[in-house]
Amino acid sequence: ISAKLWEPEPNGMAYIPAGSFVLKRTDGSTTKDFEVTIDPFWMNQTEVSVKEYLGYTESVKKDSSELSYESALPNRDKAPFKDYYSNKKYSDFPVVGISLQQAQNFCKWKTRFENQKLKAKGKPPVLDYRIPTEVEWVYASTGGKNPSEIPIPKTTELSKISVNKPNDWGLYNMSGNVSEWTNTSFDPEKYMAVLQNPPTSQFDKIIARGNNYKNSAVNDKLILNGADSYDYVGFRYVRTYLGQ
């Protein structure tokens with residue numbers, strides 16, 4: 001049954017159907033296969049763009065304190081180019097220089113912003129926007145294919161968020177452009193035992209997924225500090241599917 005019969009398709013998001021796949025995990029010395037079953041969800045078709053993120057910071061500037069505004073701004077020292085956040089030619093490039101904490105705050109804002117508009121129209125609220133788990137991200141990146149069949153991108157150039165061909169589920173740049181934050185932490189013992197490891201309050205050792213313009217052969221995970229930002233890491237958001 002089409003998802004559209006149960007829930008309107010969110011603007012700019014792709015429906016990721018329920019399914020199963022084999023997730024390979026390694027702690028650096030051993031590898032383990034996990035048989036994973038995934039519930040359906042919505043995922044943003046592209047990485048969040050510079051334009052979309054700066055629209056968010058302008059909203060924060062208007063409605064919140066100066067401190068909140070400053071804490072939402074991208075780290076301009078972690079930009080690929082000096083004028084990355086001021087030159088309109090980069091408006092449709094992926095936002096980088098964003099910590100996991102900042103990405104999560106963006107999701108909270110987007111949820112509030114959208115639900116305020118829906119409430120004013122007398123419509124029901126949407127479920128929360130959030131950063132995907134590692135399992136969701138990897139599953140979505142396959143586009144329904146066997147992970148071993150997914151080609152490694154040949155270019156390491158940074159590009160607009162929707163220039164390259166999307167995968168079979170309509171998602172762009174899941175294996176290139178910039179790596180992306182997940183909401184999963186890396187604790188070697190837990191990581192090889194259970195599927196879901198939410199980040200610690202310290203945000204240390206957070207998993208980012210996907211190749212990036214600096215390195216096209218990651219093909220596994222990056223383990224980064226979620227309180228820091230990087231010039232090669234962006235993000236996209238997901239939303240749990242309301243239908244059946």
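**Pocket lining**

I started with the classes of residue in the lining of the second largest pocket, and I counted 14 nonpolar, six polar and nine charged residues. I kept in mind that this is a predicted model. Next I looked up the volume of this pocket, which is about 620 Å³. The lining comprises 29 residues, and those closest to the centre of the pocket are Pro-10, Asn-11, Glu-114, Tyr-129 and Arg-239.

Which elements give two or more residues to this lining? I found helix H1 (50-63) and helix H3 (100-120). H3 gives the most, with seven residues.

**H1 against H3**

With both helices on my page, I checked how they pack. Their axes are 11 Å apart, at an angle of about 70°. H1 is therefore roughly perpendicular to H3, as the range for that term runs from 65 to 115 degrees.

I then noted who makes the contact. From H1 come Glu-52, Tyr-53, Tyr-56 and Ser-59. H3 answers with Gln-102, Asn-105, Phe-106, Trp-109 and Lys-110. By class, I get four nonpolar, three polar and two charged residues in this contact.

**Aromatic pairs**

My last search was for ring pairs, taking centres within 6.5 Å as the cut-off. The count came to 24 aromatic pairs. I picked out Phe-21 and Tyr-139, whose ring centres are 5.4 Å apart. Is this pair stacked, edge-to-face or tilted? The planes stand at 40°, so I logged the pair as tilted.

Definitions and conventions:
Residues are numbered from 1 along each chain as its sequence is written. This is a predicted model: local features need pLDDT of at least 70, side-chain atom pairs count only at pLDDT 80 or more; totals for chains, interfaces and linings use all residues. Side-chain values use heavy atoms; hydrogens and water are left out. On a 1 Å grid over the protein atoms alone, a cavity is a set of points where a 1.4 Å probe fits but cannot get out, and a pocket is an open set with protein on both sides within 12 Å along at least five of seven lines; lining residues have an atom within 4 Å of a point. Grid points are joined across faces, edges and corners, and a volume is the space filled by probe spheres set on the points. Helices (H or I, at least four residues) and strands (E, at least two) are DSSP runs, numbered from the N terminus. Ala, Val, Leu, Ile, Met, Phe, Trp, Tyr, Cys and Pro count as nonpolar, Asp, Glu, Lys and Arg as charged, and the others, Gly among them, as polar. Axes are lines fitted to C-alpha atoms, for helices over the stretch in contact, and angles run from 0 to 180 degrees between N-to-C directions. Angles under 35 degrees count as roughly parallel, over 145 as roughly antiparallel, 65 to 115 as roughly perpendicular and the rest as oblique. Contact means heavy atoms within 4.5 Å. Rings of Phe, Tyr and Trp (its six-membered ring) pair if their centres lie within 6.5 Å; planes under 30 degrees apart count as stacked, over 60 as edge-to-face and the rest as tilted.
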